[in-house]
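Have the sequence and the 3D view open while reading.

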Amino acid sequence: MVIPISISNDTMFPVWPFILEDFIKECNDFYGVPPRPHWVTTYYGGHDIKLILHRFGSNIIFSNGMKDPYSSGGVLENISGSVLAIKTTNGSHCLDILRAKETDPDWLVKQREIEVKIIKKWITQYYADLIAFKK
């Protein structure tokens, strides 16, 4: 699977551009197989991720810490009433799903509270729908 990530001039690391041809060669050399750059979008239909998720997705929270380099490829805005994006300026990769600690900053505590509130609402709605369906 191809995930084109590069490093720019604004980090402590040396610049490292993503070059597909080099990536293909590295995969062939290391694994003996070429990557398939378009497999994910072809298999999952992600040419327009907003359209796909709007039509077929539900009860998804995309949590984005904007300090995470992956956030540039994330879902950064709500797609529907149940496909939601939560952005935090200071967050990073998976920080909100780590075990809570007393030293967690207030913004992280608040983010987790928001996510739990959303999930509780979905679960409550599920059970309400289940009861209504059985009638």
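Which strand gives the most residues to the lining of the second largest pocket? Strand 1 does, with four residues. Strands (E, at least two residues) and helices (H or I, at least four) are DSSP runs, numbered from the N terminus.

## Basis of the model

This is a predicted model, in which local features need pLDDT of at least 70 and side-chain atom pairs count only at pLDDT 80 or more, while totals for chains, interfaces and linings use all residues. Residues are numbered from 1 along each chain as its sequence is written, and side-chain values use heavy atoms, with hydrogens and water left out.

The largest pocket has a volume of about 580 Å³. Its lining has 17 residues, and I3, P4, I5, Y70 and G73 are the closest to its centre. Because domain 1 and domain 2 both give residues to this lining, the largest pocket lies between them. By class, the lining has 10 nonpolar, six polar and one charged residue. Here Ala, Val, Leu, Ile, Met, Phe, Trp, Tyr, Cys and Pro count as nonpolar, Asp, Glu, Lys and Arg as charged, and the others, Gly among them, as polar.

Pockets and cavities are found on a 1 Å grid over the protein atoms alone: a cavity is a set of points where a 1.4 Å probe fits but cannot get out, a pocket is an open set with protein on both sides within 12 Å along at least five of seven lines, and lining residues have an atom within 4 Å of a point. Grid points are joined across faces, edges and corners, and a volume is the space filled by probe spheres set on the points.

Of its 16 lining residues, F62, S63, N64, G74 and V75 lie nearest its centre. The lining divides into six nonpolar, eight polar and two charged residues.

The structure holds one cavity of 30 Å³ or more. The largest cavity has about 40 Å³ of space, and its lining includes S63, N64, W107, L108 and Q111. Strand 1 and helix 4 are the elements that give two or more residues to this lining.

Helix 4 (residues 106-134) has 29 residues and reaches 42 Å between its first and last C-alpha atoms, close to the expected 42 Å. The expected span is 1.5 Å times one less than the number of residues. L108, Q111, R112, E115, I118 and W122 are buried in helix 4, where buried means under 20% relative accessible area, exposed over 50%, and partly exposed in between (1.4 Å probe, protein chains only). The buried residues of helix 4 pack against strand 1 (60-65) and strand 2 (83-88).

The 12 residues of helix 1 (residues 20-31) should span 16 Å, and its end C-alpha atoms are 16 Å apart, which agrees. After helix 1 comes G32, with a positive phi near 80 degrees.

## N90 in its loop

N90 is found in the loop between strand 2 and helix 4. N90 counts as partly exposed because its relative accessibility is 39%. Leaving aside neighbours within four places in sequence, N90 is in contact (heavy atoms within 4.5 Å) with K67 and W107.

Methods:
Domains from an automatic or database assignment.
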